[in-house]
Amino acid sequence: MSGLILRIAVPSPLYRTFDYLPPPGCDPAALRPGMRVRVPFGRRQVIGFLVELGTDTPLDIASLKPALAILDTEPVLPADVLVLIQWAQRYYHHPLGEVFTAALPVLLRQGEPAAHPAPAPVWRMTAAGHTALADSASLLRRAPAQWRLLDYLAHCPDGAEPETLRPVVSNSTAVLRALRDKGWAEQNAAPQVSSSAPHVSQPPPVLTLAQTEAIAAITSALDRFQVFLLEGVTGSGKTEVYLQVIEAVLAHGRQALVLTPEIGLTPQLLARFQERLPGPLAVSHSGLSDAERLKAWLLAREGRARVVVGTRSAVFAPLQAPGILIIDEEHDLSFKQQDGFRYHARDLAVIRGQQLGIPVVLGSATPALESCHNAQRCRYGLLPLPERVGGGSKPPIQILDVRRQPMREGLSQPLLERIRAHLDRNEQVLLFLNRRGFAPMLLCHECGWLSQCRHCDARMTLHLRSQRLICHHCGDQRPVDSLCPLCGSVDLRGFGQGTERLEIALRQEFPETGIARMDRDSTRRRGSLETLLAEIQAGGRRLLIGTQMLAKGHHFPDVTLVGIIDADQGLYGIDFRASERMAQLILQVAGRAGRAKKPGTVIIQTHHPDHPLLRTLVSRGYTAFAAEALAERQAALLPPFAHQALLRAEAVDPERATGFLQMALALAGPLADGLELLGPAPAPMERRAGRYRAHLLIQAIQRQVLHRFLDRWTTLLWAERTDRQVRWSLDIDPVELY
Ligand code: ADP
Ligand code: ZN
Ligand code: ZN
């Protein structure tokens, strides 16, 4: 009996590995870190990950349980991803089992084999079926369901998987059985289709000078680690740079990994990649089924997909021969996971590039101030693409002072006139308002009662179409009150602006014009976003209203006017990043306009026309804005000039949440120079979904000082028997304080 001990990370919020004995009959020589292991855990069986093989244990060896089974013959993750996971675990101070969980497709976490499943047998129509279908009329009369299914199969020469037949008729299983019994359809193995469609390479455009220089800089560094910041406005040809750099990487026999925000992963982008690059693309995002995700993951690991495109979690994608990492829209907040394992995919990509010794390209029209700062310090190579290709000029941005202006449903007279002028010229207009629903609150005009959420420090949003009040923070909803619950008055009014209200107002103002509203409510149904987009492209709808969703990814070449309905909420947010976000959003929305020949204009409605950062942004552009905003951050010693971590706690009872944080504060002991602990303080939204939330902010000028402290402190915290009523979490480099 060898004294081998398996150190296993189990998927649980526990900050340590667990020791097991090898399963009986297992060949110890075949064990490798990164293999999945089924183990008993409490009263359950779970799938854990073999992290390390050891020979000693602090526990009594006789008390160790044997693992139940080793699930893999090879590690599921390549060595470099294991190294990345371990780095991330230490940096984010997060339980290792949960980090593994984030890195693996669901099916692998559930213990499915890491191999392509055998294709499901498919249904095909037989020759007899064809004959039967020819006599359509009588079959249609006698057995309409059989007719419909047969007719469907007639259009599937390669056969159809049973799953895909379900929506065709109700009870498809029974109908298929009837067809088989009559000899009209048969089920047999699927043909092996080759997954790579024939690749017709489109000729690339003639590059601009800036593009040529950017591509040359990146391709001359393919064999080493170097981060590049590709800063270029929308339409300046960033994607073209990615494509040509990827071609160079593929020519070296390596793979490319491209990360995009969920919302930026549009069919247009994928079509462009597919057209230009050879072989199957591995695409991974949240809209895929578990099986599709596993398939993409396997294609990447086997190296059959030379290019892998995915959202946040794809930073852990296994690659057979990694050659470059590209992060598009690198400033986007969706790269930061906001719960559980709170990693930042952009930051991890930079680490991964460093570990692998390959270049990392960060692309954006409006880079995060952190990235601008790194470029200023020459840690990142700055590659500017200052001009739009094809001559489309940058739209001028105008600030519209709405103080003392009569407003109609949030729209000032000058803006309404401009909208009318553009519509009269048969052009498209885009209006941006980052609040869905009809009005952000319901107000009693008699007594001032407000539609407060029962569980949160927030108002419930009035949704007129569905006649409901919905809390956008916890999702609670109820029918709209007909009487004021306080004074019984019937005079209840929607207060403030939402996209639904804007749409109604604009329908009255421009009854002849087709209006498209794009927000989470109007695009909830599958396919509805695509339908809307198609109608917009076809010119059927010329007034476009939308939230955030409109701001990214999509191109609306006929839009010549962009209106930002309310810039004020962004200018004075509680978060020190509010103005950075606002600037990014303004430029992003502005980037939707005037992409083709027609010049565009952007109008920003605000009550603060003299806001200094807004002025700089409008008159001198993002780079100047970023420099000023960074100077403010430096003066205030805020990130990136300091490094932060946030210890959050929440509990139904507010005392308990603060009690936990007091205890954590006491555990910190005397602090090193340059390290601060601020709080406990209530979260900006103190109550959410019925729980009280508070936090402790840890801040240091030196990243090292912060992490040295966290290493020691978190060990103490994890060892502490904490109040079980309190949920707590640690957020390293938080991007939001609430
Ligand atoms: P971005 O990613 O910065 O928004 P794209 O790469 O998508 O910019 O380029 C915008 C449009 O211009 C695309 O239709 C693209 O095909 C085209 N394009 C890019 N580079 C050139 C070029 N050098 N010459 C002509 N057209 C180009
Ligand atoms: Zn009232
Ligand atoms: Zn709520």
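Reader: How are the donor residues of the zinc ion (ligand 3) spaced in sequence?
Author: The spacing of these donors is C-x2-C-x14-C-x2-C. The model is predicted: local features need pLDDT of at least 70, side-chain atom pairs count only at pLDDT 80 or more, and totals for chains, interfaces and linings use all residues. Residues are numbered from 1 along each chain as its sequence is written, chains are lettered from A and ligands numbered from 1 in the order in which they are written, and side-chain values use heavy atoms, with hydrogens and water left out.

Reader: Which residues are the protein donors of the zinc ion (ligand 3), and what makes them donors?
Author: They are Cys 453, Cys 456, Cys 471 and Cys 474, each through SG, at 2.3 to 2.4 Å. Strands here are DSSP runs of at least two residues, and helices (H or I) of at least four.

Reader: Why is the site of the zinc ion (ligand 3) called tetrahedral?
Author: Four donors count as tetrahedral if all angles lie between 85 and 135 degrees. The angles at this site are 106 to 114°, and the site is therefore tetrahedral.

Reader: How do you know whether Cys 456 and Cys 471 are buried or exposed?
Author: Buried means under 20% relative accessible area, exposed over 50%, and partly exposed in between (1.4 Å probe, protein chains only). Cys 456, at 0%, is buried, and Cys 471, at 1%, is buried as well.

Reader: What makes the arrangement around the zinc ion (ligand 2) tetrahedral?
Author: Its donors are the SG atoms of Cys 444, Cys 447, Cys 484 and Cys 487, at 2.2 to 2.4 Å. They subtend angles of 107 to 112°, and the arrangement is therefore tetrahedral. In sequence these residues are spaced C-x2-C-x36-C-x2-C. Cys 444 is buried, because its relative accessibility is 2%, whereas Cys 447, at 37%, is partly exposed.

Reader: How do you know that strand E8 (residues 227-232) is mostly covered?
Author: Six of its six residues are buried. Val 227, Leu 229 and Glu 231 are buried on one side, and Phe 228, Leu 230 and Gly 232 on the other. In a regular strand, side chains alternate between the two faces of the sheet.

Reader: Why is E8 said to pair with strands E13 and E14?
Author: Two strands pair if DSSP finds at least two bridges between them. Five bridges join E8 to E13 (residues 360-364), in parallel, and six join E8 to E14 (residues 380-385), also in parallel; therefore both count as pairs. Leu 230 stands opposite Gly 363 in E13, and Phe 228 opposite Gly 381 in E14.

Reader: What makes the contact between the side chains of Gln 699 and Gln 644 polar?
Author: A polar contact is a pair of N or O atoms within 3.5 Å; within protein, one must be able to donate a hydrogen and the other to accept it, and residues adjacent in sequence count only if both atoms are side-chain atoms. The distance here is 2.8 Å. Gln 699 lies in strand E30 (residues 691-700) and is buried, because its relative accessible area is 9%.

Key:
Donors are N, O and S atoms within 2.8 Å of the metal (3.2 Å for Na, K and Ca); water is not among the atoms, so sites may look incomplete. Four donors count as tetrahedral if all angles lie between 85 and 135 degrees; four count as square planar and six as octahedral if opposite donors are over 155 degrees apart and all others between 65 and 115; anything else is irregular.
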